[in-house]
Structure formats: structure tokens, C-alpha cells
Amino acid sequence: NTDAKTRDDQWNDKDAIETTAGIRRAVLDDKSLSTSAHNIKIVTDGDVVTLRGPVESADEKKRVEALAMKAATGKQVRNEISVAR
């Protein structure tokens, strides 16, 4: 998918960096999440945050999205996380 967000799409302005860092902290602080969930990719591009990578369950996918939405107030969160089989 050529539209998929990568690290190279991360904006380098203060707000984008703080948003990404805040989501990362929230995800890492949740010890109920798997190592896979702790390692998802988080890209903030303007007012859109994209989450990508595999997690172990649909519940983890929902949990990571909820953490991101809470940490990224006022931004749209695109959940492109996949559930590993």
C-alpha cells in the first residue's frame, strides 16, 4: 500500500513529536499489552495519527486505539493495526 504511513511521514514539529511520544508512553505504561502491541508504529502527520503493526488480539487492537485517542486529544486516529494469526 503506497498510502501507508511510515516513520518518514512523521512531522517534526513540536506538537506532532509530543503527540507521538504521549501515545508511546501510554502504550508502554500499559503492562497488560503484549510486546507486539508495545512495538506498534505511531505516525503523527498533522492532525492525523496512524497506528500500524501487528498485535496479538482484537482486544489489544481496541485497547491501543483507545489509549491513542485519549492521548491524542483533538486528532483523528487511523487504526491500521492488524491482528497476528
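A salt bridge here is a side-chain nitrogen of Lys or Arg within 4 Å of a carboxyl oxygen of Asp or Glu. By that rule, the count in this chain comes to 6 salt bridges. Keep in mind as you look around that this is a predicted model. The chain has 3 helices and 3 strands, and along the sequence they follow the pattern α-α-β-β-α-β.

**The chain as a whole**

- Of the 85 residues in the chain, 39% are buried.
- The accessible surface comes to about 5400 Å², and carbon and sulfur atoms account for 47% of that surface.
- If you look at contacts with a separation of 6 or more, 61% of them join residues 24 or more positions apart.

- Strands β2 and β3 pair in the parallel sense, with 8 bridges between them.

**The nonpolar core**

- The largest nonpolar core holds 15 residues.
- I23, I40, V49, L51 and V64 are the residues with the most contacts inside this core.
- Four elements each supply at least two residues of the core: helix α1 (14–29), strand β2 (48–55), helix α3 (58–71) and strand β3 (76–83).

- K14 and E18 meet through their side chains in a salt bridge, at 3.9 Å from N to O.
- That distance counts because the cut-off is 4 Å.
- Both K14 and E18 lie in helix α1, where they are 4 residues apart, about one turn of the helix.
- How exposed are the two partners, K14 and E18? K14 has a relative accessible area of 62%, so K14 is exposed, while E18, at 46%, is partly exposed.

**Salt bridges around E80**

- E80 forms a salt bridge with R52, and the closest N and O atoms of the pair are 3.3 Å apart.
- Which parts of the chain does the pair of E80 and R52 tie together? E80 lies in strand β3 and R52 in strand β2, so the pair links parts that are 28 residues apart in sequence.
- E80 also meets R78 in a salt bridge between their side chains, at 2.5 Å from N to O.
- E80 is partly exposed, with a relative accessible area of 28%.
- R52 is partly exposed too, with a relative accessible area of 28%.
- R78 is likewise partly exposed, with a relative accessible area of 30%.

**A salt-bridge network**

- Which residues are linked in a network of salt bridges? They are D15, D47 and K75.

Methods:
Residues are numbered from 1 along each chain as its sequence is written. This is a predicted model: local features need pLDDT of at least 70, side-chain atom pairs count only at pLDDT 80 or more; totals for chains, interfaces and linings use all residues. Side-chain values use heavy atoms; hydrogens and water are left out. A nonpolar core is a set of buried Ala, Val, Leu, Ile, Met, Phe, Trp, Tyr and Cys residues joined through side-chain atoms within 4.5 Å. Buried means under 20% relative accessible area, exposed over 50%, partly exposed in between (1.4 Å probe, protein chains only). Two strands pair if DSSP finds at least two bridges between them. Contact means heavy atoms within 4.5 Å. Accessible areas come from the Shrake-Rupley method with a 1.4 Å probe; for residues, only the protein chains shown count as cover.
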